[in-house]
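Hi everyone, thanks for coming. Let me put the structure up, and then I'll walk you through a few places in it.

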Amino acid sequence: MLKRHARAACTALAAAGLLLAGAAAAGAATPTADPAAPQKSATAALRPGDAPAELLTALQRDLGLTPTQAKDRLAHEAEAGATAARLRDRLGAAFAGAWVDGADSATLTVATTRAADAAAIRAAGARPKLVARSLAGLDAAKAGLDRAATAETPVRYVDPRTNTLVVEETRPGAAAALLAATGTDPALATVVRTAAEKAPRPLYDLRGGDAYYMNGQGRCSVGFPITKGTTQGFATAGHCGRAGTTTSGFNQVAQGSFQASVFPGNDMAWVAANANWTATPYVKGSGGANVQVTGSVLQPVGASVCRSGSTTGWHCGTVQQHNTSVTYPEGTISGVTRTTVCAEPGDSGGSYISGSQAQGVTSGGSGDCTSGGTTFFQPLNPILSAYGLTLKVTGSDPGPGPGPEDPQPGGTWKAGTVYAAGDTVTYGGATYRCLQGHQAQTGWEPSVVPALWQKL
C-alpha cells in the first residue's frame, strides 16, 4: 500500500514492507501627450488578426457574431483598450471608467466627472459621458465594503455604465446592513438579489495523480475521475479509506467522501465529490501536463505503463503479470497487476495509464523511485463494474449508459458496461465476442471497433 499516514502508522507499515504516507486605485495623474496625437497602432502591436480559427469560431458561436464581426471586434477592442488607457492617464482623478458597445465593439465610451474633458475624449475617437462619481471614488467605497463583506453579500463591483457600486445579496437586507456597517452612502449602491444556491463558489478539477487527504490526516492520490449518474468523483485504492471517510483535495479544500471500499480481497474504492469539484478526463503527467484518458482497454503483459502519484509524480515501466495475488499484513488481495514502475508513500490510489488507456490504481509495492522497485495496481475495469461508475474520457462522453430496464437499441450491447475478454453481446442483429476488457462507450460499438470485438 502507498498511502501516507501519521508517523506511528507509517513506521508500523513500513516495517511490514508496505508504503503508506503521513499525513491601484486611479488618482491624480500627471498629464501626458494629447491622446488625439498620432499613436502607434495597437492593432499592429497586439496583432488581433493572428487570432486562431478556434477562437474566432467560439466568438461567433457564443456571441452570435458573423465571421467579419468577430475579426472586427478583436481589432476594435485592441484599439479601444489603448485609447482608454491614454485617456485615463490624461483625465486623472476625473476618469470614471470606459467600455465598448456594439456587436463589433466599434463604440468606445469614456466617462468623466469633468465636463471640460469632453473635447479631448471626442478628439481621441471616443464618446464622452459626464457622471457624478469618479472611478477612484467608487473603488475606494468598494474597498471598504470588501473588508466587511460576508457570504450574504458575495459579489461587489463598480459598474462604470451606471456609475454605481453594485452589491449582490442572498438575503433581503444584507446589502443595506453592509452599507450601514461601513458608513457607505446608499446612494452610491445598486442592490441586486441573488439566490443563495446561485452564489459564487470555488471550482476545482479532479485529475488523476493529484493528492487528496483523508479525514485531514493521511494522503493518497486520485486514480481516475468518474461519474455515477449526475454525481462526479474518482476511483482510488480501497486501503486509503472506508465508506464515510471524508476527503479534502490537493488544496486542502473539502472535496467529498468515500462511498464504498474493499480491502483486503481487492483494493478498490470510489469517492463522490461535492459540487465544487469537476471530474476531468485527465491524468497529471510529466511536468504537470494533462495526459488524456480516452478509454480503459486493458493492455497485455510487456506493454508500457506509466503511473502518476502525488509523491513521486510521473514514472513509467512495463506490465509484468496480470491476475497477481499479494499478501499484505492486513490480508490478501487478488487480481492485481505487477509492474516495474516505482512508487513511494503517498502514491497510493494514483493512476496507471498505457498510452491514453486507463489501466488501474496504485495498491502497493516495494523499493522506491531512487533505487527502483516493483508495484501492483488494482485494475480499473473491475472498480467501474463493481460500483456502476463511468470513466471520464475525452471526446464522446459515454455518460451513465441506459438503465437495466431501458430498451437497448441494436441488441444487448450497452454503453457504460464493463466487458471482459470472452463476453458476448448482440448488436445490429449480429453476435460479437469481446477481445479486450474495456468499458463500452458511444463510438465503440462492436461493429466499428474490430480491435475490441470479433463478429461471430
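**A strand on the inside**

Let's start with strand β7, residues 204-208: four of its five residues are buried, so β7 is largely enclosed by the rest of the structure. Buried here means under 20% relative accessible area, with exposed being over 50% and partly exposed in between, using a 1.4 Å probe and protein chains only. Helices (H or I, at least four residues) and strands (E, at least two) are DSSP runs, numbered from the N terminus.

Before I go on: this is a predicted model, so I take local features only at pLDDT of at least 70 and side-chain atom pairs only at pLDDT 80 or more, while totals for chains, interfaces and linings use all residues. Residues are numbered from 1 along each chain as its sequence is written, and side-chain values use heavy atoms, with hydrogens and water left out.

Back to β7. What does it pair with? Strand β15, residues 277-284, in the parallel sense over four bridges; two strands pair if DSSP finds at least two bridges between them. In that pairing, D205 stands opposite T278 in β15.

β8 and β9 form it with three residues between them, and N215 in the turn has a positive phi of about 55°. Strand β8 is residues 211-214, and its pairing with β9 is antiparallel, over four bridges. A211 sits opposite S221 in β9. In a regular strand, side chains alternate between the two faces of the sheet. Have a look at β9, residues 218-221: G218 and C220 point one way, R219 and S221 the other, and all are buried.

Okay, helices. α6 (residues 135-148) and α7 (residues 174-182) pack at an angle of about 105°, with axes 10 Å apart. That makes α6 roughly perpendicular to α7, a label that covers 65 to 115 degrees. Who meets whom? G144, L145 and A148 in α6 meet L178, L179 and T182 in α7, where contact means heavy atoms within 4.5 Å.

Is D117 buried or exposed? At 9% relative accessibility, it counts as buried. Leaving aside neighbours within four places in sequence, D117 is in contact with L91, A94 and T112.

And the whole thing, to finish: the chain has eight helices and 28 strands, and of its 456 residues, 46% count as buried.

Notes
Axes are lines fitted to C-alpha atoms, for helices over the stretch in contact, and angles run from 0 to 180 degrees between N-to-C directions. Angles under 35 degrees count as roughly parallel, over 145 as roughly antiparallel, 65 to 115 as roughly perpendicular and the rest as oblique.
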